[in-house]
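Subject: Structure handover

Hello,

Here is the structure you are taking over. My notes on what was found in it follow below.

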Amino acid sequence: MQNNRAAHVVIDRVAMQHNLRQVRALTPNAKIMAVIKADGYGHSMEVVAHALNAADEFAVTALDDVKRLRSQGISKPLTMLSATFDVAQLNKMSAQSVRPVIYDLSQLTTLSQVSPNAELDIWLKIDTGMGRLGLCIEDAHRVATRLINQLGIRSVSAMTHLANADNPDHPSNQRQIKQFLKFAEGHGFSELSIMNSAGCVAFPDASRDIVRPGVILYGISPQLGTSAADLSLKPAMTFKSKLISVKRLPVGSPIGYGSRYTLDTDSRIGVIACGYADGYPRHAPSGTLVLVNGMYVPLIGRVSMDLITVDLGELPVKVGDEAILWGENIPIENLAEACGTIAYELMCGVTQRVERVVI
């Protein structure tokens, strides 16, 4: 530990490599574009890229991510999922093994000015029902024909994004897949990509050329009603801290800001050095479980900036004992559900003051 704060996260590279192999097993005939945007979902983009070197390529958000990875010797092909760019930047992307995603008609003016010698590879994103980024089918046919024939553009690939892949029975899934594959017919796209993490699990037979797994690589189940254990995933992030205070309080004692929780029996109270300034969700309710010295204890009272309080009962624990907030044996998905959010937000919300320990 390089600082004197107890709260820290442990990033497990071996777990990520295991999870990547699970995706390979699900989609053996597709290349894997590992999604490492948002600083590797809070795990450190550079750490994740090195750990997942067995992936075929990576997906990031924008040029700042490209610069970070290239400065660290990451040479895998990169796709920028939602970047903006100018002509000078586009002209350099081929040499950098970078593919931009074209997702809006406004980008075509810039793209039309690319050098005839640019040898640019691009993705065309099609909105088949996500209602977010992507060209509508009516525009996409015309744009695809234009770009495939444009000097300076070496290849055009096409992707879409499923809105409800985490719910495999949702009717929009098959509708989107069929619409995209019908659109792609006859255009001669270099590669097709449909599936995110949830799609890899639910519709592996429709994987096509490249899949784009994200959250599954970090050990999180992408499917509603399916746990990480069900998919043989391993958590890549464990959020740890320590007990810094233990004391006995009588029945009726108020706990925390607002005195909204009171003890219903005499008990031993523990204080853990972690709060919302570290990324533990402030709205975690009383009763949320924490592991202390390998034993489950409930959170009580409000989460504060630097601290949370737990009811230790008569468990044999003491100041200095380890507390695990999420990780193995205490899934981050459970905490997310208790807080009415998703695991993505919790992982990305771990703050910069929390040290990352890479193993």
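A place to start is strand 10 (residues 237-249), where Phe 239 is the bridge partner of Val 9. Strand 1 (residues 8-11) and strand 10 run antiparallel and are joined by 4 bridges. Strand 1 also runs parallel to strand 18 (residues 355-358), again through 4 bridges, with His 8 bridged to Glu 355. In these notes two strands pair if DSSP finds at least two bridges between them. Strands (E, at least two residues) and helices (H or I, at least four) are DSSP runs numbered from the N terminus.

Before the rest, some ground rules. This is a predicted model, in which local features need pLDDT of at least 70 and side-chain atom pairs count only at pLDDT 80 or more, while totals for chains, interfaces and linings use all residues. Residues are numbered from 1 along each chain as its sequence is written, and side-chain values use heavy atoms, with hydrogens and water left out.

Strand 1 is covered on both faces: His 8 and Val 10 are buried on one side, Val 9 and Ile 11 on the other. Buried means under 20% relative accessible area, exposed over 50%, and partly exposed in between (1.4 Å probe, protein chains only). In a regular strand the side chains alternate between the two faces of the sheet.

The chain overall

The protein chain has 11 helices and 18 strands. Its C-alpha trace spans about 80 × 45 × 35 Å along the principal axes. Of its 359 residues, 52% are buried. Contact means heavy atoms within 4.5 Å; among contacts with a separation of 6 or more, 62% are between residues 24 or more positions apart.

An open sheet of 8 strands, paired in parallel, has the order 8-7-6-5-4-3-2-9. Strand 8 and strand 9 (210-211) are at its edges with a single partner strand each, so one side of each has no neighbour in the sheet.

Strand 7 (residues 153-159) has 6 of its 7 residues buried. On one side, strand 7 runs parallel to strand 6 (residues 120-125) through 6 bridges, and Ser 157 stands opposite Trp 123. Strand 7 also pairs in parallel with strand 8 (residues 192-193) over 2 bridges; here Ala 158 is opposite Leu 192, and Met 159 is bridged to Ser 193. The path from strand 7 through helix 8 (residues 171-184) to strand 8 is a right-handed β-α-β crossover. Right-handed means that, with the strands pointing away from the viewer, the path from the first strand over the helix to the second runs clockwise. Strand 6, helix 7 (residues 137-148) and strand 7 also make a right-handed β-α-β unit.

Strand 14 (residues 289-292) and strand 15 (residues 295-300) run antiparallel with 4 bridges, and Leu 291 is opposite Tyr 296. The two strands form a hairpin with 2 residues between them, and Asn 293 in the turn has a positive phi of about 55°. Strand 15 is also antiparallel to strand 16 (residues 308-313), over 2 bridges.

Beyond four places in sequence, the contacts of Val 290 include Ile 272, Tyr 280, Tyr 296, Ile 308 and Ile 330.

Regards
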